[in-house]
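Let us walk through this structure together, one region at a time. Keep the picture open and find each place as you read.

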Amino acid sequence: MAKIIVVTSGKGGVGKTTTSAAFSAALAMKGHKTVVIDFDVGLRNLDLVMGCERRVVYDFVNVVQGEASLKQALIKDKRLDNLFVLPASQTRDKDALKPEGVEKVLNDLRAEFDYIVCDSPAGIEHGAQMALYFAEEAVIVTNPEVSSVRDSDRIIGILQSKSRLAEEGKSVKEHLLLTRYNPERVERGEMLSVQDVEDILAIPLLGVIPESEAVLKASNQGVPVVHDDASDAGQAYDDAVSRYLGEDRPHRFLEKQKKGFLKRVFGG
Amino acid sequence: MSNAVVLKAGLVPLTTLSFSAADIDSIQQELATKKAEAPALFQNLPCVLDLSDAAQMLDVNALHTLCRDAGMLPVGVRNASEIQRQQASELGLADLGKGNARQAVKTSENTATETPQRSVKVHTGNVRSGQQLYTDGDLIILGMVSNGAEVLATGDIHIFGALRGRALAGVKGDEQAVIACQQFDAELVSVAGQYRLFEAAPEDHQKAVVISLAEGNLNITSV
């Protein structure tokens, strides 16, 4: 039976899709059969970040509405054999997702996969609620910035009141993932620190992803950033997923990098 | 003018006359004694005639005259029989249907003598941004109240965690209500309608405080 994980944040542009792509790719790299679903109907992006945009024939909405089978819509990742993408529709809107239809698709996927990662759209409306409703675990993506933190707080409240587990009197397991973290700016007092964010949101910290040029490059190339194992962001995502799977890894990239001798002499 | 007539629903207290005797004479006598005790009370007193039990056989015309003589103004009848209802309608008295006025009065007297019980609601967990918690009574929160969250109670509010949102105690006017929290960083606090906003971080920032109302002033005391 697969575990359903929603990647959500409330606010837009904080790195949900980047995280969904990296997280699912890392799970697959570690040997788990994983499917990642784009719930952002109408603003399809995940396929671009996963680099499969030219292979989309049928989409999630087609499957939900019974116009195509799962087999037809699932796109196999070109790098990893046990990773699949279920893209969103670009021509429909979020009302096309009905709870019964979504539940059926998730149930069908459950039998086949180890992990189902749901990439939530921004906001707290129907689309976002559909993405989180069936979730058993949630990765809350937050930037070290006040508006992002408040929106995350709001979405945690919704997870705790409007998800299916909450309705059954149980709770969704929450993980905090702090992205776009810049230790230098934290030191200068321009950015909230890990401690500040943990204090406000009061959920366990899964990982901290440093602000990195590798992320933008990876998105534009359509390669999830974990494949770039030389980059700090790629390593940080790998750490986070290992931690998620129960491995004990210390948090990295929380301190300002000390410039090496050569960099100090020649400038860097 | 379109609002020459306005219809408004409202509750007006009315005296109910109930009768335990079935003959007009003894009723008249008793009424006379009662009037002698408090003549002012009976002057133009609107009243309802309860015609249940013993009064089922009474003549409404006779009762009406009797009440008017005593200075009262009967406006309606309750628990009337078929014949009484017809008589009442001829006299221009309203039929107020069936109901037990005496019992209602009794129960309300009972509750008034007992000390009012305060209910306590315990909320386990954090109150997140956008959530609102209201309770009629005291509210105990085992967790924090986030920025953008709101907790309201007619009684006290105790927060065993940080208060970063809004807390309003005594929302129905209880001036004795207090707000207590472990870490104070509120956006707004209010006791019985007296409120204070904190645009900048409050002086007792991050400390445990109790907020109470004294002579119209909100006191924030660190503990």
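Start at Tyr244(A): this residue is buried, because its relative accessibility is 12%. Buried here means under 20% relative accessible area, exposed means over 50%, and partly exposed lies in between, as found with a 1.4 Å probe on the protein chains only.

Before going further, here is how to read the picture. Residues are numbered from 1 along each chain as its sequence is written, while chains are lettered from A and ligands numbered from 1 in the order in which they are written. This is a predicted model, where local features need pLDDT of at least 70, side-chain atom pairs count only at pLDDT 80 or more, and totals for chains, interfaces and linings use all residues; side-chain values use heavy atoms, with hydrogens and water left out.

Now, what does Tyr244(A) have to do with aromatic rings? Across all chains, a search of the whole structure finds 6 aromatic pairs. One of them joins Tyr115(A) to Tyr244(A), edge-to-face, at 6.0 Å centre to centre and 65° between the planes. The partners come from distant parts of the chain, 129 residues apart, with Tyr115(A) in strand 5 (residues 115-119) and Tyr244(A) in helix 12 (residues 232-244) of chain A. Helices (H or I, at least four residues) and strands (E, at least two) are DSSP runs, numbered from the N terminus. As for the rings, those of Phe, Tyr and Trp (its six-membered ring) pair if their centres lie within 6.5 Å; planes under 30 degrees apart count as stacked, over 60 as edge-to-face and the rest as tilted. Tyr115(A) is buried as well, because its relative accessibility is 13%.

Another edge-to-face pair is made by Tyr133(A) and Phe134(A), with 4.8 Å centre to centre and 90° between the planes. Both ends are buried: Tyr133(A) has a relative accessible area of 19%, and Phe134(A) one of 6%.

Next comes an open space. The largest pocket has a volume of about 520 Å³. A pocket is found on a 1 Å grid over the protein atoms alone, as an open set of points where a 1.4 Å probe fits, with protein on both sides within 12 Å along at least five of seven lines; its lining residues have an atom within 4 Å of a point. Grid points are joined across faces, edges and corners, and the volume is the space filled by probe spheres set on the points. Which residues lie nearest the centre of the largest pocket? Among its 26 lining residues, they are Gly13(A), Val14(A), Gly15(A), Thr18(A) and Arg180(A). Helix 1 of chain A gives the largest share of the lining, 4 residues. At least two lining residues each come from helix 1 (16-29), strand 7 (173-181), strand 8 (205-210) and helix 11 (213-221) of chain A. By class, the lining has 9 nonpolar, 11 polar and 6 charged residues. Here Ala, Val, Leu, Ile, Met, Phe, Trp, Tyr, Cys and Pro count as nonpolar, Asp, Glu, Lys and Arg as charged, and the others, Gly among them, as polar.

Let us turn to the backbone. Most residues other than glycine have a negative phi. Phe253(A), however, has a positive phi near 60°. Phe253(A) lies in the loop between helix 12 and helix 13 (261-266) of chain A and is buried, at 16% relative accessible area. In chain B, Glu215(B) also has a positive phi, about 50°. Glu215(B) is in the loop between strand 14 and strand 15 (217-222), and is exposed, because its relative accessible area is 82%.

Finally, consider a domain record. For residues 123-220 of chain B, UniProt lists "domain: Septum formation inhibitor MinC C-terminal" (unreviewed entry). UniProt positions follow the numbering used here, feature names are shortened, and annotations may be inferred rather than shown by experiment. Over this stretch, residues 123-220 of chain B, the chain is 0% helix and 51% strand, and the end C-alpha atoms are 24 Å apart.
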